[in-house]
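Here is a friendly walk through one model, with the cut-offs spelled out along the way. Have your viewer ready and follow the headings.

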Amino acid sequence: MTKIKNIVVLTGAGISAESGIRTFRDTGGLWEDRSIEEVATPQGYAADPELVLGFYNARRAQLSTVEPNTAHTALAKLEAGLAKEGGNLTIVTQNVDDLHERAGTQNVIHMHGELLSQWCRACNQKFISADAFTTKSSCPKCDVIGKVRPDIVWFGEMPYYMDTIEVAVTNCDLFVSIGTSGAVYPAAGYVQMARGLGKQTLEINLEPSEGSAFFHDTRLGKAGDLVPIWVDEILSA
Ligand code: NAD
């Protein structure tokens with residue numbers, strides 16, 4: 001068997017569930033008891049910006065109360081192990097938390113934005129802040145009041161780094177999906193792209209995802225249990 005050197009891992013909310021961050025699907029399509037339309041669409045923001053800003057302030061504040069789990073740390077170990085052998089790990093995450101980075105992973109692509117990044121719609125600049133924002137907050141770049149929104153890709157908006165992700169999938173030997181329901185496109189379509197390019201594919205999830213049939217292999221269980229085992233297999237192969 002050829003040694004696997006380049007891996008793309010797509011992660012979703014399920015990888016952070018054991019850290020104490022709730023997912024969408026495990027709660028009936030709600031995000032912390034709010035509907036997706038209310039808090040994860042441009043229309044929801046236009047209808048009630050204070051509510052939406054408050055929702056993301058709470059998600060951002062939660063980051064300081066949670067820690068990376070064994071799945072996040074195993075992926076950081078995989079990145080270091082592959083690099084030693086001239087390989088590469090690209091983590092493409094749908095998550096807006098910072099747990100991959102806090103586990104020590106360097107190469108993380110946040111395709112749906114980040115809780116710690118803010119975006120001023122007046123000057124179009126982005127900045128990192130763990131602060132809470134209201135409709136009365138001003139932008140530290142241009143001082144305009146009330147135009148700072150979370151740098152989160154809402155439903156109906158274009159995900160980030162699509163070209164970079166396609167290059168990473170094209171150049172990988174193995175595509176792995178961890179803790180994602182396979183319900184949110186375009187992320188859910190990357191397995192089909194990988195299969196079309198002849199890549200090996202593996203899914204690790206609590207239950208079969210919506211795109212489960214597209215994967216060569218599926219391992220069912222908690223990411224915190226299964227990811228460290230899989231990483232050890234790869235590094236010892
Ligand atoms: P999702 O909520 O749709 O699906 C989560 C999947 O993870 C489910 O299939 C579930 O069975 C599985 N899962 C739950 N616990 C698990 C565990 N311990 N181990 C392995 N698998 C587990 O999440 P999604 O597919 O990422 O899509 C929803 C969107 O929600 C994303 O775009 C993301 O931006 C957003 N979101 C992000 C966070 C976060 O940043 N942590 C949290 C909630 C929602």
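## A cis proline in a loop

Let's begin at Pro186, which sits in the loop between β9 and α8 (190-196). Helices and strands here are DSSP runs numbered from the N terminus, with helices being H or I of at least four residues and strands being E of at least two. The peptide bond joining Tyr185 and Pro186 is cis, with omega of about 10°. As background, most peptide bonds are trans, and most residues other than glycine have a negative phi.

A word on the ground rules: this is a predicted model, in which local features need pLDDT of at least 70 and side-chain atom pairs count only at pLDDT 80 or more, while totals for chains, interfaces and linings use all residues. Residues are numbered from 1 along each chain as its sequence is written, and side-chain values use heavy atoms, with hydrogens and water left out.

## Positive phi values

Which phi values are positive in a residue other than glycine? Asn124 has one, near 65°, and Asn124 belongs to the loop between β6 (113-120) and β7 (126-128). Tyr161 has another, with phi near 60°.

Tyr161 is located in the loop between β8 (148-152) and α7 (162-171). Its relative accessibility of 46% makes Tyr161 partly exposed; the scale used is buried for under 20% relative accessible area, exposed for over 50%, and partly exposed in between (1.4 Å probe, protein chains only).

## Two domains and their interface

The domain assignment of the chain, which is an automatic or database one, gives domain 1 (6-20 + 68-112 + 159-236) and domain 2 (22-65 + 113-152). Their contact (heavy atoms within 4.5 Å) takes 17 residues from domain 1 and 14 residues from domain 2. The centres of the two domains, taken over C-alpha atoms, are 25 Å apart.

About 1,200 Å² is buried between domain 1 and domain 2, with 54% of it on carbon and sulfur atoms. Buried area is the accessible area (1.4 Å probe) that two parts lose on being put together, summed over both. How many residue pairs are in polar contact between domain 1 and domain 2? There are six, with both residues at pLDDT 80 or more. A polar contact is a pair of N or O atoms within 3.5 Å; within protein, one must be able to donate a hydrogen and the other to accept it, and residues adjacent in sequence count only if both atoms are side-chain atoms. On the side of domain 1 that touches domain 2, the elements giving two or more residues are α1 (14-17) and α6 (99-103). By class, that side of domain 1 has seven nonpolar, six polar and four charged residues. Nonpolar covers Ala, Val, Leu, Ile, Met, Phe, Trp, Tyr, Cys and Pro, charged covers Asp, Glu, Lys and Arg, and the others, Gly among them, are polar.

## Salt bridges

For a salt bridge, a side-chain nitrogen of Lys or Arg must be within 4 Å of a carboxyl oxygen of Asp or Glu.

Glu67 is exposed at 53% relative accessibility, whereas Arg102 is partly exposed at 35%. Another bridge joins Asp151 and Lys126, whose closest N and O atoms are 3.2 Å apart. Asp151 is in strand β8 and Lys126 in strand β7, so this bridge ties together parts 25 residues apart in sequence. Asp151 is buried at 4% relative accessible area, while Lys126 is partly exposed at 38%.

## Two buried residues

Phe175, in strand β9 (residues 174-178), is buried, with a relative accessible area of 2%. Not counting residues up to four places away in sequence, its contacts include Val8, Leu10, Tyr190 and Phe215.

Thr41 is in the loop between α2 (36-39) and α3 (42-47), and is buried at 12% relative accessible area. A polar atom of the Thr41 side chain lies 2.9 Å from the backbone nitrogen of Gly44. Leaving aside neighbours within four places in sequence, Thr41 touches Ile36, Trp154 and Phe155.
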